[in-house]
Amino acid sequence: MKQVLKSVIIIILLMAFFLVGGCSSEATTEENISKGKETVEEKIEDQVEEIRLRASSGLTELHFFNRGFVRPLFERLEEETDGALSFEVFTAGELIPLGTEFDALRHGTIDISLTLTAIYDPQRFPYTEVVMLPLHESDAHIIATAMQNLMKSDREIIDGKTYYQVEFGDKDLVVFTLPPTEPYLISTTGHRFESLEQFSEVIRMRTASRVHEILSSNLNLSSLSMPITDAYDALSRNALDGIFYNVPDWEATGLDDLINYTIEGVNLGHFVNQIAMTQATWDKLPGKIQEKFEQAANELIFDGALLTMGEAESGKENNIEKGGEFVHLHDLDPATRDHINQAMVKTWYDWIENLESQQLAGREMAILWRDMLVEAGAVLPKEIMEIE
């Protein structure tokens, strides 16, 4: 009997052993299958289908937008994605003329606009030209910071929407800011502004936006709006007397050979351009590539800003060597200086009124931009600081 009981116990123990072992083996097998599945999924996610995007810039390779941002951005993305993302790049408007990129994006002619130039299209993009409003003190790095904050701002300006939503999101665009220019100045082919009498409507100035059209009127000058790519020809033919533009870009557009007189110490705003694609194109990019794209764009904007800041002084020196003259605002006679300062302040109020007359949020946008500027370190006229 004892022997039989002993045998039963042994059989029970063996059955328990195999049962536990089987469960353990089954659990281990399921765990391995699960891990294997995860590994396969990771590999599938990492195996990104090669994507090649057609990109167009309305400006030449020499422009700092391309040297300081676009080229480094694309090289970095191609390297970080091991070539999974690549670009076919056209410059100098050889594929799409500057200022027509929005329609080209919508029609699928291009995948990426490297110069969306929303400022040139105020009917579609009425708020972006706020960056052209005149200031006292700022630089490209300050404006880059202000623009980064503006693009991310959750402050509502109209219909419960933010600046980014109403300006770009509603148009099914994904947009990143290119490095801002250095301050725009008053420059001519030789006409001097040494007295109030020399501010005359017979003096024709190239303007980049409605803001500068308003400014020209307040300065008692005539304005001719055109892309900067057309300014060289107009100045050469004496169809223009001067431009509102920033010094570092003179050489890239050939203007350094034509400009002979510039008033510095006055900041007539900064031109801010955009790199853009449709939401549909953006959605085709895998999430990891989107993250790399966004991170690179948000970092390189400051590299480009520092590049153009460094070229401002050399551009001035080169122009002086060619016979150009720079006169500081503080060295003008008091009446002329006051005329310029008053025109700058009035331009803010006129721009606000212009947008409000179209049922747009001019005041809200101006205040938002002012706050972004101050937070980034810019100095504005006291009258602008008092707007509520």
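Start in helix α11, which spans residues 334-356, and select Asp350 and Lys346: because they sit four residues apart there, about one helical turn separates them. Keep in mind as you go that this is a predicted model. Zoom in on the two side chains and you'll find a salt bridge, 2.8 Å from N to O. Lys346 is partly exposed, with a relative accessible area of 43%.

Next, pick a pair that reaches across the chain. Select Glu325 and Arg192, whose closest N and O atoms are 2.3 Å apart in a salt bridge. Glu325 belongs to strand β13 (residues 325-328), while Arg192 lies in the loop between β7 (185-188) and β8 (204-207), so this pair links distant parts of the chain, 133 residues apart. Glu325 counts as partly exposed at 30% relative accessibility, and Arg192 does too, at 28%.

Now hop to Glu383 and Lys382. Their side chains meet in a salt bridge as well, at 3.9 Å from N to O. Lys382 is exposed, with a relative accessible area of 56%, whereas Glu383 is partly exposed at 29%.

Across the whole structure, a search finds 21 salt bridges.

Last stop: the inside. The largest nonpolar core has 120 residues, and Tyr127, Tyr163, Phe293, Trp351 and Trp369 touch the most other members. Which residues does Phe293 touch, leaving out those up to four places away in sequence? Select Leu73, Leu77, Leu85, Phe87, Phe176, Ile275, Met277 and Trp282 to see them around Phe293.

Technical notes:
Residues numbered from 1 in each chain as written. Predicted model: local features only at pLDDT ≥ 70, side-chain atom pairs only at ≥ 80, totals over all residues. Heavy atoms only, no water. Core = buried A, V, L, I, M, F, W, Y, C linked by side-chain atoms within 4.5 Å. Buried < 20%, exposed > 50% of the residue type's maximum accessible area, 1.4 Å probe, protein only. Contact = heavy atoms within 4.5 Å. Salt bridge = Lys/Arg side-chain N within 4 Å of Asp/Glu carboxyl O. Helix = DSSP H or I, 4+ residues; strand = E, 2+ residues; numbered from the N terminus.
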